[in-house]
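Trainee: Could we look at a protein chain together and work through some questions about it?

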Amino acid sequence: MLRNLLALRQIGQRTISTASRRHFKNKVPEKQKLFQGGVADALLYRATMILTVGGTAYAIYELAVASFPKKQE
């Protein structure tokens with residue numbers, strides 16, 4: 001049992017150490033040059049933020065409403 005745990009530990013270390021030896025080219029700067037943030041990007045960003053903030057506020061409102069029981073008449 002102990003031998004299996006030690007073997008598993010070595011496999012985990014080996015996987016992590018070999019992954020760090022591989023060198024990948026960073027493609028982020030190339031992609032950033034394609035998307036410089038025009039008017040369409042700004043509109044999409046603002047629409048996304050409005051929907052996100054509005055949805056979050058609505059969810060919090062609905063949680064608050066659901067947390068208080070309705071008064072029975």
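What follows is a short talk about confidence, helices and surface.

Mentor: A note on sources: this is a predicted model, where local features need pLDDT of at least 70, side-chain atom pairs count only at pLDDT 80 or more, and totals for chains, interfaces and linings use all residues. Residues are numbered from 1 along each chain as its sequence is written, and side-chain values use heavy atoms, with hydrogens and water left out.

Trainee: Which element of the protein chain has the highest mean pLDDT?

Mentor: pLDDT is the predictor's confidence in each residue, from 0 to 100. Its mean over the protein chain is 81. Helix α1 (residues 2-21) has the lowest mean among the elements, 62. The highest, 95, belongs to helix α3 (residues 39-67).

Trainee: How many helices and strands does the protein chain have?

Mentor: Helices (H or I, at least four residues) and strands (E, at least two) are DSSP runs, numbered from the N terminus. From that end, the elements run α-α-α. The count is three helices and zero strands.

Trainee: Which residue forms a salt bridge with K25?

Mentor: A salt bridge needs a side-chain nitrogen of Lys or Arg within 4 Å of a carboxyl oxygen of Asp or Glu. The count by this rule is one salt bridge. The closest N and O atoms are 3.2 Å apart, and the partner of K25 is E30.

Trainee: Is V53 buried or exposed?

Mentor: Buried means under 20% relative accessible area, exposed over 50%, and partly exposed in between (1.4 Å probe, protein chains only). V53 lies in helix α3. Because its relative accessible area is 54%, V53 is exposed.
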